[in-house]
Amino acid sequence: MEKRLEEERNLDALIRTASPRRTLPAGLNTRIMAQVARSERRRRERRAIVQMAGYCLELSALMVLVIFVGMRNFDAWSLDLPIMPFLLVGCMGGVVLTAGGDRMNELLRNL
Amino acid sequence: MRPDDANEMESPTDMEIVRSVAAGDTEAFGLLVERHSARLYNLAFGMLHDAQCAEDVVQEAFVRAYEHLDGFRGACSFATWLYRIAYNRALRECGRRRFGRIEDPACRALPEEPDARYDEETVARMRQALERLKADERALVTLFYDEERSVAEIAAITELSESNVKVKLHRIRRRIRELMEEE
């Protein structure tokens, strides 16, 4: 039993001696960090694209609303267009459009 | 002292760095790369025996770890989690391609401490025996003997049960003995 244990220990020590440790290739850490930075940039780009798509969708919905309000209030026989609802929705649309544009600029600057 | 214990004692700890990276400090990830890249490379090289492939595996493992950092809950140590990613990548690489061995001078073996107990011929025979093991067996040898990881950690890295790891290590020793006798 003792002999077997001794043999086992001997084998373990021999395996440790024979397993060569490798030096890290020069510049590997820098390359890894460059890849990490590229991955981070791609992630930001993807996030920015999704956010921009969200804003575009929001703006399109608002434009549809403006057109819808305009069409509903437009009396084709008398060519009478009540200006207030149209103006109100138009103003709201303008504000959102400006805010959306600013936000898109910010997203692009952060890339 | 085992590498993981050393990392836990270092300031900042791995977990603290992970938190600051998750909070948006990408540069802090560099500390984790510096701490773990050499050992990860050693594991990948041990499995693949190809310098270029080992580099690719290490790079992929780090990038993947970075991309999925929010999925790291700290159930195991960061090193164990990272090893698991690299181990799976290396295994997949082994299965994907048949590789030739490239002895790149840029990744030569570190000078070893001479061990008076063994003559050069015995060590060379052992080295040949180790090279003839399968990739997953070489990974177990690297993790158990070089990295001195516990059976529990190896089980977590390789996604095997602890008893399975013990059985595999026992079989590897037996196989090494046979290979040594063959040569």
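Predicted model: local features only at pLDDT ≥ 70, side-chain atom pairs only at ≥ 80, totals over all residues.
**View 1. Chain B is built from helices.** Chain B has nine helices and zero strands. Read along the sequence, the pattern is α-α-α-α-α-α-α-α-α. Chain B holds 183 residues, and 49% of them count as buried. Now take the contacts in chain B between residues at least 6 apart in sequence. Of these, 68% join residues at least 24 apart.

**View 2. Helix α2 of chain B has a buried face.** This helix covers residues 14-22. Which of its residues are buried? They are B:Asp14, B:Ile17, B:Val18 and B:Val21. Looking down the axis of α2(B), these buried residues fall within an arc of 100°, so they line one face of the helix. An α-helix has 3.6 residues a turn, so residues three or four places apart point the same way. Just after α2(B) comes B:Gly24, with a positive phi of about 115°.

**View 3. Two aromatic rings share helix α3 of chain B.** The whole structure contains seven aromatic pairs over all chains. In one of them, the ring centres of B:Tyr41 and B:Phe45 are 6.0 Å apart and the planes stand at 45°, so the pair is tilted. Both residues lie in α3 (residues 29-48) of chain B. They sit four residues apart, about one turn of the helix. Are B:Tyr41 and B:Phe45 buried or exposed? Both are buried.

View 4. A pair of aromatic rings is described by the distance of the centres and the angle of the planes. For B:Phe72 and B:Phe78, the centres are 5.7 Å apart. The angle between their planes is 80°, and the pair is edge-to-face. Buried means under 20% relative accessible area. B:Phe72 has 7% relative accessibility, so B:Phe72 counts as buried. B:Phe78 has 2%, so B:Phe78 is buried as well.

**View 5. Three rings form a cluster in chain B.** The members are B:Phe29, B:Phe62 and B:Tyr66. Ring pairs link them.

**View 6. Two loop residues of chain B have a positive phi without being glycine.** One is B:His49, with a phi of about 55°. B:His49 is in the loop between α3 and α4 (51-67) of chain B. Its relative accessibility is 13%, so B:His49 counts as buried. The other is B:Glu159, with a phi of about 60°. B:Glu159 is in the loop between α8 (151-158) and α9 of chain B. Is B:Glu159 buried or exposed? At 54% relative accessibility, B:Glu159 counts as exposed.

**View 7. A helix of chain A crosses a helix of chain B.** The helices are α1 (residues 2-18) of chain A and α9 (residues 162-182) of chain B. Their axes come within 11 Å and cross at roughly 80°. Angles of 65 to 115 degrees count as roughly perpendicular. Therefore α1(A) and α9(B) are roughly perpendicular to each other. Which residues of α1(A) meet α9(B)? They are A:Glu8, A:Leu11, A:Asp12, A:Leu14 and A:Ile15. Their partners in α9(B) are B:Arg173, B:Ile176, B:Arg177 and B:Met180. By class, the contact has five nonpolar, no polar and four charged residues.

Definitions and conventions
Residues numbered from 1 in each chain as written. Chains lettered and ligands numbered in written order. Heavy atoms only, no water. Buried < 20%, exposed > 50% of the residue type's maximum accessible area, 1.4 Å probe, protein only. Arc of directions from axis to C-beta. Axes fitted to C-alpha atoms, helices over the stretch in contact; angles between N-to-C directions. Parallel < 35°, antiparallel > 145°, perpendicular 65-115°, else oblique. Contact = heavy atoms within 4.5 Å. Nonpolar A, V, L, I, M, F, W, Y, C, P; charged D, E, K, R; others polar. Phe/Tyr/Trp six-rings, centres within 6.5 Å; stacked < 30°, edge-to-face > 60°.
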